[in-house]
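User: I should like to learn how to read the features of a protein structure. Could we work through an example together?

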Amino acid sequence: MFRYIIRRLISAVLVMFAISVMVFLIFFATPGVNPAARIAGRSASPEVLRHVSIEFGLDKPLPIRYLIMMYHLFIKQDLTSYVNIGYKIIPQIIAAAPITLSLVFGAALIWLVVGIFGGMIAASNRGKFIDPLIMFLGIATISIPAYWLGEMVNLLTQDKLHASLFPWLPNGGYVAITSNPWEWALHLLFPWLTLAALYSGIYARVLRGELINAMNEDYIRTARAKGLSERRILYRHALRCSLITIVSLFGLDFGALIGGAALLTEVVFGLQGVGWLTYQGLTNLDLPLIMGCVMYGAFFVVLASAVVDILYAYLDPRVRIVT
Amino acid sequence: MRDLKVSFATRQGVVRAVDGLSFDVGPKEVLGIVGESGSGKSVAMYSILGLVRDANVEISGSVKFQGREILGLSDKEMQSVRGGEVGMIFQDPMTALTPVYTVGWQLVEQLRAHNDMTKQEARERARELLAEVGIPDPKSRLHHYPHEFSGGMRQRVVIAMALSCNPKLLIADEPTTALDVTTQAQILDLMERLQERHGSSIVIITHDMGVIAEIADRVIVMYAGRPAEIGPELDVVRSPRHPYTWGLLGAVPRADVKNRRLVTIPGNAVSPLAVPEGCAFAARCPHKMAICDERPPLRGAHQHLDACWLTDEQRLAIRSVATTRGES
Ligand SMILES: Nc1ncnc2c1ncn2[C@@H]1O[C@H](COP(=O)(O)OP(=O)(O)O)[C@@H](O)[C@H]1O
Ligand SMILES: [Mg+2]
């Protein structure tokens, strides 16, 4: 198991390297575009262009340019935006990350609890009315776009019902957990619920399917023939085996969301997280910022998938390499 | 078991999987149930323990275990019977164990479900059980996962599990079908030895007359959910009375016959959706008569019963013709 973890982490590092090379090539070596103009943004003066050329060593061969870029990104961390002059990319991302982490962690907790309970209740009440009800709610939350749901929530809690039902609710924004945990939770409550709604639906539906499949497996019949209680069969055998799927799904969703995929929720609720930052970069065509965000996002996706694989091996002994 | 009937309501119609099955199993007796696949053997046995989980199933009849009616007990009431008084072995050892737990864990789980034991005691007993079913190095094998065992070894684990609580009755659903021939023989040997040691009764399901000849004391031949013939093993194998049994015995590849040709019974097994009112085998029977449209009763002498309208004289004539023609 230990060797498996080491191997998996090494391969994660290699994947990260490959991604950084690819991102670099896409941004700086696409044929027919002038990278200096791209970095400097729209309508940059020749002076700025020259400055960019020197800073990024654009007259040097590609591998050197790659190293310079990585040096600015990771070691000196002084890559600067030319659109919003003076903004250093990395500190900006580092400042935004806790907001995204707070949003996604809280939402993940909610959707795991709701999704797993929903899936289990639906699966163990097959054929009764509660099962199709949960499945309908699931498909409904999946189908509602996050930005629409977010806007509706905002409209209700901040405007229409603010005076009557939600006077206790702050007017958007973010408070760090370190400065005031209660305010932190209050500010994030509706963003959490909005983001969790979509994923709760997905997880409940997936888990229900997995559980129903598992309950038809031979080993469940064996468990029943052993004289175990129905409850034990459901939890210790069926759910335990179904969790394998949920964990891998969760790792990928979680990694992507931390990496910036919670963009819509962040933008709608004015949370200045990484997704929001990416959105800013995209609307301003701020290339260094976009590149920073992409690298950051890729890092979390790769990290999450490494953690998932390790957890997977822990949960499913068949995956472990026999050494 | 008295007049067990199991049917499933399906979109295509009612499937009569088991249609009036009755038998008794005495202490230490080995009863074989034989029939082509689809003849309702598994469904009959699973319904005894309430293991048929289908919302559209209808089960009727009576199953008495040690004088107590167990058909229709709730899952809760059934728990002590399942795995405690009645052990069960399944056809496919590859999928019968939960893949994510070690075999030791799974044995301990069952032991502790039925006995008041500490983890240590259960672990020790699990080790003994693995040793008893012939798994080498049982102490370290306790920590292995099912996928780390071969098919034969897994079936031994399943047998150990079924026997772990000293059941009075062991139900084995085609325990050797998924295994290769040498392993089959070993597993049958093992079951015979354990049966002598533990003194459990066994109901063994198979579609292989060879297995029956090896292990069974008494045989039920099933066709389309109905018993075609019941009798002591020697009688049924040496002097079968039902044309379907004749066909089955012809279909056994015999090791002692050099030029062995797999004899099959002509025609397809009757669709369980359209089992006729009369004799179920009539459509495939070479000796069909007019009366076969009526359901033949199960009758005979000396514990050897069969459900066929043929008279003794007719059977004698048919079988002597077959022997003179040479049965190889
Ligand atoms: N859940 C079910 N729904 C409908 N039909 C079923 C179901 N389970 C079994 N059957 C039918 O019952 C018949 C007997 O099956 P089974 O007992 O498994 O045969 P076998 O003798 O091979 O063990 C088959 O025709 C099968 O199609
Ligand atoms: Mg079967």
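User: What area is buried between chain A and chain B?

Analyst: Some conventions come first. This is a predicted model in which local features need pLDDT of at least 70 and side-chain atom pairs count only at pLDDT 80 or more, while totals for chains, interfaces and linings use all residues. Residues are numbered from 1 along each chain as its sequence is written, chains are lettered from A and ligands numbered from 1 in the order in which they are written, and side-chain values use heavy atoms, leaving out hydrogens and water. Buried area is the accessible area (1.4 Å probe) that two parts lose on being put together, summed over both. Here, chain A and chain B bury about 2,300 Å², and carbon and sulfur atoms give 57% of that area. Arg221(A), Arg224(A) and Lys226(A) supply 27% of the area that chain A buries against chain B, more than any other three residues.

User: How many salt bridges are counted between chain A and chain B?

Analyst: A salt bridge is a side-chain nitrogen of Lys or Arg within 4 Å of a carboxyl oxygen of Asp or Glu. The count between these two chains is 3. One salt bridge joins Lys226(A) to Glu109(B), with the closest N and O atoms 2.9 Å apart.

User: Which element gives the largest share of the side of chain A that touches chain B?

Analyst: Helices (H or I, at least four residues) and strands (E, at least two) are DSSP runs, numbered from the N terminus. Helix 9 (218-225) and helix 10 (230-261) of chain A are the elements that give two or more residues to this side. The largest share, 7 residues, comes from helix 10 of chain A.

User: How many helices and strands are there in chain A?

Analyst: Chain A has 13 helices and 0 strands.

User: What span should helix 5 of chain A have?

Analyst: The expected span is 1.5 Å times one less than the number of residues. Helix 5 (residues 89-124) of chain A has 36 residues and should therefore span 52 Å; its end C-alpha atoms are 50 Å apart, which agrees.

User: Which parts of chain A does the pair Asp309(A) and Arg8(A) tie together?

Analyst: These two side chains meet in a salt bridge (2.6 Å, N to O). Asp309(A) lies in helix 13 (residues 287-315) and Arg8(A) in helix 1 (residues 2-28), so the pair ties together parts that are 301 residues apart in sequence.
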